[in-house]
Each structure stands twice: as C-alpha cells, then as structure tokens.
Amino acid sequence: MMANVSFTLNGKPVSLDIDPDRMLLWALRTDLGLTGTKYGCGQGQCGACTVLVDDRAVRSCVLPVRSVEGKKVVTIEGLSDNGKLHPLQEAFVEHDALQCGFCTPGMILTAYSLLLRNPRPTREEIVRGMDRNLCRCGSHSRIIQAIESAARIMKGGT
Amino acid sequence: MIRDEHKDRDSGHVPEFPTLSRREFLQSIGGGIIIFFTVGDASAARGRRYPEDFNAYLRIGEDGRVTCFSGKIEMGQGIITSLAQMLADELDVQLQSVDMVMGDTSVCPYDMGTFGSMSTRFFGPPLRAAGAEARAVLIELASEHLNVPKDRLETKDGAVFQKTDATKRVTYAELAKGKIIERHLEQEAVLKTVAEFKVMGKSFNRTDSVEKVTGKAEFSGDIRLPGMVYAKILRPPAHGARLKSLDVSAVERLEGVQLVRDDDMVAVLHKNPDEAEKALAKIKVEWDLPEAQPDDVSIFDHLLRKASRSNTAERKGDIDSGEKLADSVFEKTYLNSYVAHATIETHTALANVEASKATVWASTQTPFRLQQELAKVLGMRQEDVRVITPFVGGGFGGKSNNLQAVEAARLSKLAGKPVQVCWSRAEEFFYDTYRPAAVVKIKSGITDSGRAVLWDYQVYFAGERGSTMFYDVPHHRTLVYGEWRGGGGVHPFATGPWRAPSNNTNTFARESQIEIMAARAGMDPLEFRLKNLKDERMIGTLKAAADKFGWSPSKAPSGRGFGIGCGVDSGTYVSTMAEVEVDEETGKVRVKRVVCAQEMGIVINPEGAKIQMEGCITMGLGYALTEELRFKGGKILDSNFNTYEIPRFSWVPEIETVLVKADDISPQGGGEPAIIVMGGVIANAVADATGARLFQLPMTPERVKAAIAKSRSLAASPALP
C-alpha cells in the first residue's frame with residue numbers, strides 16, 4: 001500500500017513514503033507542512049487547493065500523489081523568489097484583490113498558469129480561465145484587474 | 001431619519017464574563033503606555049457590564065510600536081486596516097507602526113462578537129478617543145522631558161517636537177521606555193476633525209495582504225501542534241435522524257486510527273485528515289429517519305401556519321384611512337428561500353485540552369462566546385480556556401456558530417491530545433445556520449397622482465431589520481412575525497444571521513412593491529420614489545446613483561432592463577441601479593451593470609468601503625439568482641458547489657460605486673448595506689426588461705420563464721370589464 005513517490009516541490013527534491021492514492025492536498029498540508037494550499041470543497045469544485053504541476057494549475061484535492069511522480073510541483077509558498085513577490089502577488093496586493101484571503105493562493109496559481117499559456121489575455125479570456133475558482137467575498141472584479149495589471153508588467157515572462 | 005436597529009445584532013445570549021483583571025493584562029503585555037477604554041456599543045445599553053470597566057486597550061511599547069488589543073476578528077471585512085488607520089491618525093504615527101491583536105481571549109478584553117457592521121460604528125469612536133488620549137499623555141511626558149510647555153509641542157510620525165524648533169524632539173519609544181503608565185479613558189477626548197485627517201479618509205491597501213498572497217497567513221486549519229490528530233465525526237443523513245445501529249468493528253482494527261465515543265458523538269482520529277475520513281466510511285451504521293418535514297416547496301405554507309404572535313414594529317396614521325384614500329390597492333406576497341453562508345473556509349478548529357487549561361484556535365466571529373461555551377462543556381473556569389482567532393476565511397454571520405470548536409474540544413479532552421476538526425463541504429452545508437426562508441405580505445395603495453398613502457407590511461420569519469418604512473407614507477404599519485434566529489420548532493434546522501439579516505428579504509419585498517406601484521401610476525420608478533421620499537439621505541444616494549448611471553426617465557416596463565433598489569442598513573443608505581439582460585427562451589438573467597451609491601457618514605478607508613460594496617454586490621447576485629437550499633425529509637440535498645451555485649467570475653457585471661460625502665455624520669456600517677438591495681434591484685430590472693414580475697427569490701431560470709409565461713397569458717386574455 002505504501003510506496004515511494006518523488007517529485008520536485010518548490011524547486012527542491014522531495015521523497016515521500018506514502019499511500020500513493022492519497023490526495024496531494026493532504027500530503028502537502030500534513031506530511032509536508034505547507035498550509036498555503038487550502039481545503040475548500042474536496043471535489044475540485046472551488047479551486048482553493050490549486051497548485052502547479054509542471055506549470056499547469058491542478059486541483060490538489062482530487063489529484064492522487066502518485067500522479068506527481070517525477071514532476072515539478074509549485075505551491076503558493078514557492079512562487080515568490082527569495083522573498084521578492086511574484087508580479088501576480090504584487091498585483092493582488094496593489095489592487096486589494098482579496099478579502100478573507102482563503103481562495104487567494106488558488107486564484108494566484110490559476111492566474112499564473114493562465115498567463116503562462118496566454119501572456120496577453122483579453123478580459124474575457126481571464127474570466128473564462130478563472131471561472132472555476134470560487135471566491136465568496138466578492139473580490140472578482142479586483143482579481144481580474146490584478147491579473148490584467150500583472151500581465152502588463154510581466155510582458156509575457158513569468 | 002431611520003432609527004438604528006439594535007435588537008437583532010446578537011443571538012440574545014447574554015454571557016457572564018470571566019473576571020479579567022487589569023493587573024493580569026499588564027503582566028502579560030509588559031511596559032509602555034496603556035490606555036484602557038470602553039466601547040459604548042449597543043450591548044452596554046442592554047445592561048451588560050464589562051470587566052473592570054474597559055473592554056479594549058491600546059499600548060505604546062518601548063519600541064514605539066502601537067498595539068491595539070481588540071476582541072474583534074478579521075474575516076475579510078478589512079477592519080485590521082481601518083481600525084489601525086483610526087488609531088494611527090489620532091496618535092500621529094505611520095499606519096505601518098500599528099499592530100492589531102485581535103480575537104485572542106487571553107490578551108484581548110471582552111467583545112461580544114464581530115457582526116452587524118458594528119466595528120467601525122461602535123468600536124471606532126472610543127478607539128479614536130483612546131488614540132487621542134494617548135497622544136495627550138505623550139505630549140505631557142514630552143513637556144517634562146524637553147522642558148517645553150505643552151502648548152508649544154506638536155506630534156508627527158511617532159515623535160513629539162517643539163513647534164518652533166523641530167530639533168527639540170523626543171520619540172514615543174523614548175517616552176515609553178522603562179515606564180508603565182496606565183490611563184483610563186473617562187471623558188471625551190478631543191478628536192481630530194475631518195479636515196485634520198491624515199490617515200483616515202485616505203485609501204490604504206490592506207495591511208494583511210502580503211501574508212495572504214504568500215500563503216503565510218494562518219487560518220485555524222493551518223495551526224500545527226506536536227502530536228495533533230485530525231477528527232472525522234459520524235454524521236446523520238438527515239436533521240432529526242436517530243442512530244439505530246452502529247458497528248465500529250472494522251474501524252477498531254485499523255492501524256493508526258483511534259475511535260472516540262461520547263454520548264451521541266462518534267469520531268475517528270488519525271494523524272492525517274484524509275485517512276480519518278477513509279476510516280470513518282468503514283463504520284456500519286443505520287439510522288431512523290425522521291417523519292416527513294416541510295421541504296423547500298412546502299416551507300412557505302408551513303411558515304405561515306407556524307406564525308402566531310406578531311409585534312408591531314412601526315405604526316403611523318391609520319390603515320383604514322389609508323385604504324380609503326387609495327385609488328389603487330396592491331396586495332402581494334413575496335417569498336425568500338434558505339441560503340447558506342458557503343464561506344470558502346469551512347468551520348475549523350484546533351483544540352488542545354490539557355488537565356487544567358484549554359487552548360482552542362477557531363474560525364469564529366464570536367471568540368468570547370465560544371470561550372464561555374467551551375468552559376461549560378469542558379467543566380473549566382473561563383479564565384482557563386483561551387480562544388485564539390487566526391484569520392477567518394469568510395464569515396457573513398455563519399461563524400457566529402461555533403459547533404466545530406466545541407466538537408474539537410470534546411474530542412481533545414477524551415483523546416488527551418490536540419484535535420483538529422475541519423468540516424467537510426458537506427458538513428458545512430448540513431450544519432450551517434442558514435438565512436431563514438421567509439414570507440412578506442404587503443398591502444399598499446396609491447392615489448391616481450402617484451402618491452403612496454397606504455403601507456400595510458407583514459414579515460414572517462425574516463426579522464425586523466430593514467423593515468422600517470423610509471418612504472413617506474402617511475398610513476402605514478409593520479407587523480413582524482418571528483425572527484431570523486429560528487427556534488420554537490419553526491424551521492427544520494438551525495437558522496442564524498446571514499450578511500445583513502432580515503434586510504435582504506425586507507428590501508426585496510419593499511422595493512418590488514414600490515416599482516409595482518410606480519408602474520401602475522404610469523410613472524418612472526425614480527420619479528415615483530422621489531415623489532414619495534422626504535428622507536434627504538436617501539434622496540442624496542438616489543440622485544448620486546442616477547447621475548452615475550445616466551438614468552433617463554421612462555415608464556416601466558421600458559424594455560431596457562433597468563431597475564432601482566434602495567435600502568438602509570447599519571445606519572448606511574444605499575441606492576443601486578442595475579441593468580439586466582434576460583434570455584426569454586432559457587429564463588437566464590445576466591446582470592450587465594450595477595451602479596451603487598452609498599452614504600455611510602465619514603468614510604475611514606474609501607477604498608476599503610468600496611471593496612465591501614463590490615463584495616456585497618457580487619455576493620448578492622447569488623441570493624438573487626441561484627442560491628436556495630434544497631431539502632426534503634430533514635435531508636439537505638445540497639452538499640457542494642455543483643448544485644449550490646455561488647457567483648462566479650462570468651456573472652460579475654460592470655460595477656461602479658459612489659460614496660456620497662457626509663462628513664457631518666459619524667461613520668456608519670459598511671460590511672453589509674450594499675447587499676440588501678440586490679434581490680429587489682434585479683427583480684425590478686427583470687420586470688423592466690420583460691414585463692414579468694418575480695415574487696420569489698432566487699430568480700432561477702425556471703421561475704423567470706414561468707413569470708414570463710404568466711405575464712404573457714395575462715396580456716393575451718381579454719381585459720376584465
């Protein structure tokens with residue numbers, strides 16, 4: 001039942017002896033102590049648990065640990081560079097694109113993945129790309145503005 | 001002028017206070033200059049006594065940093081920033097040098113809870129006064145220190161200096177060093193005038209956002225203690241279900257799993273939450289299901305049957321005379337459903353119950369009430385129970401209920417180790433304290449010239465807040481049956497406060513009725529409102545909204561899909577205009593544009609206030625269009641976001657917010673007011689677009705289609721003689 005699963009987590013190699021059918025969310029939050037990734041619904045419906053796997057936004061609450069074997073996983077803790085905020089993080093701060101902040105890590109990582117594939121998205125493309133991430137406080141308009149502004153600053157880079 | 005609604009702020013639960021002593025506080029926080037102050041809020045008027053006559057304090061530390069200790073909590077509404085702004089301004093320090101310590105019962109004095117848009121209104125004024133008092137103390141100390149008379153001194157950026165020679169200066173840190181000075185705020189301190197504001201009235205980014213964008217911000221579920229375990233609790237399939245048989249043998253054999261039973265509670269503990277859940281699923285259990293109860297369709301008749309006593313909330317003139325004066329009379333009934341809080345963070349707590357003390361981290365809006373509950377459940381003295389409130393991931397009233405923390409504490413006591421309870425999304429839907437389903441009946445009348453003369457208003461189970469009539473109607477009364485707290489076996493499950501309790505339902509009904517009358521009078525809905533309003537604050541917001549929206553008068557239905565909604569909540573006035581598009585084939589409503597004008601007295605953080613307005617508008621789309629709890633036979637049929645739809649990015653309209661200047665009025669509430677109009681404004685816009693009137697929220701596609709079909713069949717049938 002237990003198996004070894006190895007992957008890169010926020011740039012560092014990780015090796016876990018774990019039931020590989022367990023969901024990545026819980027491995028991150030409990031086994032690895034990275035609590036920035038949030039539980040919101042457990043069924044991949046809200047996006048609070050979003051992480052990057054090989055630069056794509058995925059829902060870690062429905063992703064078995066086995067499927068990240070050999071891959072590159074980035075959580076919200078791994079986005080800033082030596083304490084320097086990523087332009088998306090900066091833009092969320094600047095635009096006050098958050099209230100309670102619980103959905104925020106998932107929002108930022110979903111936006112990161114979106115901008116990587118589409119560095120200059122239109123407003124509609126941002127809306128479409130973010131539509132499966134839920135926010136209850138109603139910060140949506142400002143999140144869209146923050147993503148637009150980050151896209152301008154990043155000029156296609158990451 | 002609208003009277004303030006104090007009655008429904010709290011659960012009515014009057015706690016006893018732990019005997020907090022000032023000395024204990026002083027010991028725990030060390031030296032500095034400390035100002036104690038009492039918050040003169042509604043609860044004081046209700047005969048409550050605060051411990052040692054203070055219930056908040058601030059300290060200027062030896063490092064010059066200013067700390068405000070408050071029992072309030074931060075759940076997204078932004079008081080962590082706006083309260084700090086007030087203090088920074090009165091004290092003449094930079095916003096960055098203010099630390100907020102919130103919701104920790106061991107270091108923060110008593111607070112009844114964070115709800116009712118009260119923090120700025122009621123905590124704000126004494127906090128500012130305390131800041132001003134602290135500044136006066138600092139000037140006194142500086143006067144001695146610099147040997148300069150007080151009136152020749154000035155303060156800026158955390159230092160006192162001589163007006164004529166700024167080199168003669170001393171910092172707050174230097175003044176606080178090696179001292180313990182305590183002051184009690186007794187008389188009114190001299191507050192800054194609006195013209196003197198340097199930090200208040202200006203927009204600042206949230207002070208908690210860097211933590212929140214980096215994942216460093218700790219919520220209750222993020223706290224880790226050595227040896228802690230995660231609990232999953234056996235839940236009934238329906239409210240009112242009783243345990244018939246239980247077989248836990250499969251779980252007892254599992255490695256790493258601890259089974260805990262305590263009366264009605266059966267739980268499994270494991271060092272991983274997901275494995276606890278897996279183990280729980282192995283329990284074999286049978287339940288006796290309850291007798292059939294009302295479901296989401298029959299609930300409204302059930303409520304009307306259960307309504308017995310009413311209280312007259314308001315009466316003016318006489319209903320019979322109003323009816324005689326009226327040329328047209330309208331009798332309508334409005335329905336509103338149960339809605340869930342659906343915060344993205346589910347109810348979560350970590351409890352560490354030891355032999356003689358307990359520490360509980362909880363996502364709660366009421367840490368002190370929780371402390372009291374826990375003391376009772378654990379059989380401990382209140383002072384031995386410490387509740388710490390990390391960041392709360394959304395509340396909206398739902399986290400005034402603390403069941404998850406009580407569960408965690410019971411389990412921790414039994415297991416002898418720290419236990420986390422984090423409700424699943426299904427548990428969150430099942431145990432939520434919903435906004436109650438409600439019925440409003442209105443009989444109203446107008447003269448042929450469009451003057452409202454009769455308003456007979458009856459509200460069932462929504463509650464009184466927001467039912468006060470601010471339109472100028474000579475003959476009116478408001479009868480209130482039941483309230484939002486539930487109780488008395490009326491609702492099939494728990495109900496409670498939901499962002500602006502009562503007011504969403506009352507405003508939906510009132511504003512719909514107003515536009516029905518305007519349409520009959522053949523008047524533009526804005527003109528009709530202005531004709532029937534005397535309240536200058538409301539007139540001011542209406543005109544501001546109309547200006548921003550670019551409202552041009554037209555008789556309804558104009559086909560443009562424009563609607564108006566007005567309301568008052570927490571002392572704040574709101575007028576909102578919306579434009580919608582209705583797909584008559586599918587019944588789907590798309591809100592294209594919303595303009596909201598709000599007058600809330602002095603505004604502390606304009607950007608923060610606008611964020612709350614935007615949040616209200618966006619969240620309000622949900623209860624207006626989709627949110628409705630489905631239930632049958634005690635079962636809650638919604639268990640996740642796939643069936644219970646909350647607003648998404650693709651729903652969000654173009655939002656414009658206007659703050660109407662009113663610096664002669666003290667700051668009013670901001671977290672709730674703008675949500676109250678959303679049902680009414682969209683219903684009015686839908687009627688304007690289609691000619692079809694909806695009398696029930698949410699306005700689902702099915703209901704919209706049915707209303708359109710009904711209005712067409714009425715139009716096609718020959719007019720009655």
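In the predicted model, strand E17 (residues 358–362) and strand E18 (residues 385–388) of chain B run parallel and are joined by 4 bridges; strands are DSSP runs of E with at least two residues, helices are runs of H or I with at least four, and both are numbered from the N terminus. Two strands are taken to pair if DSSP finds at least two bridges between them. Within this pair, B:Val360 stands opposite B:Val387 of E18(B). Together with helix H11 (residues 367–378) of chain B, E17(B) and E18(B) make a right-handed β-α-β unit; right-handed denotes a path from the first strand over the helix to the second that runs clockwise when the strands point away from the viewer. The model is a prediction in which local features need pLDDT of at least 70 and side-chain atom pairs count only at pLDDT 80 or more, whereas totals for chains, interfaces and linings use all residues. Residues are numbered from 1 along each chain as its sequence is written, and chains are lettered from A and ligands numbered from 1 in the order in which they are written.

Chain B also contains an open sheet of 5 strands with mixed pairing, in the order E14-E22-E21-E20-E15. Strand E21 (residues 452–460) and strand E22 (residues 475–481) of chain B run parallel and are joined by 7 bridges; B:Gln458 stands opposite B:Leu479 in E22(B).

Two helices lie across strands of chain B. Helix H9 (residues 299–306) of chain B lies across E15, strand E20 (438–446) and E21, running at about 75° to E20(B). Helix H14 (residues 503–520) of chain B lies across E15, E20 and E21 as well, running at about 150° to E15(B). Axes are lines fitted to C-alpha atoms, for helices over the stretch in contact, and angles run from 0 to 180 degrees between N-to-C directions.

The domain assignment, automatic or from a database, divides chain B into domain 1 (22–214), domain 2 (220–289 + 347–422) and domain 3 (299–338 + 434–716). The C-alpha centres of domain 1 and domain 3 of chain B are separated by 39 Å. Contact, defined as C-beta atoms, placed from the backbone, within 7 Å, involves 19 residues of domain 1 of chain B and 20 residues of domain 3 of chain B. Helix H3 (79–91) and helix H4 (119–146) of chain B are the elements giving two or more residues to the domain 1 side.

Chain A is divided into domain 1 (3–78) and domain 2 (87–154), with C-alpha centres 21 Å apart. In chain A, 14 residues of domain 1 are in contact with 13 residues of domain 2. On the domain 1 side, strand E3 (50–53) and strand E4 (56–59) of chain A each supply at least two residues, and E3(A) gives the most, with 3 residues.

The contact between the chains takes 45 residues from chain A and 48 residues from chain B. Helices H1 (24–31), H2 (87–94), H3 (104–117), H4 (123–130) and H5 (140–154) of chain A each supply at least two residues of the chain A side. The largest share of that side, 4 residues, comes from H2(A).
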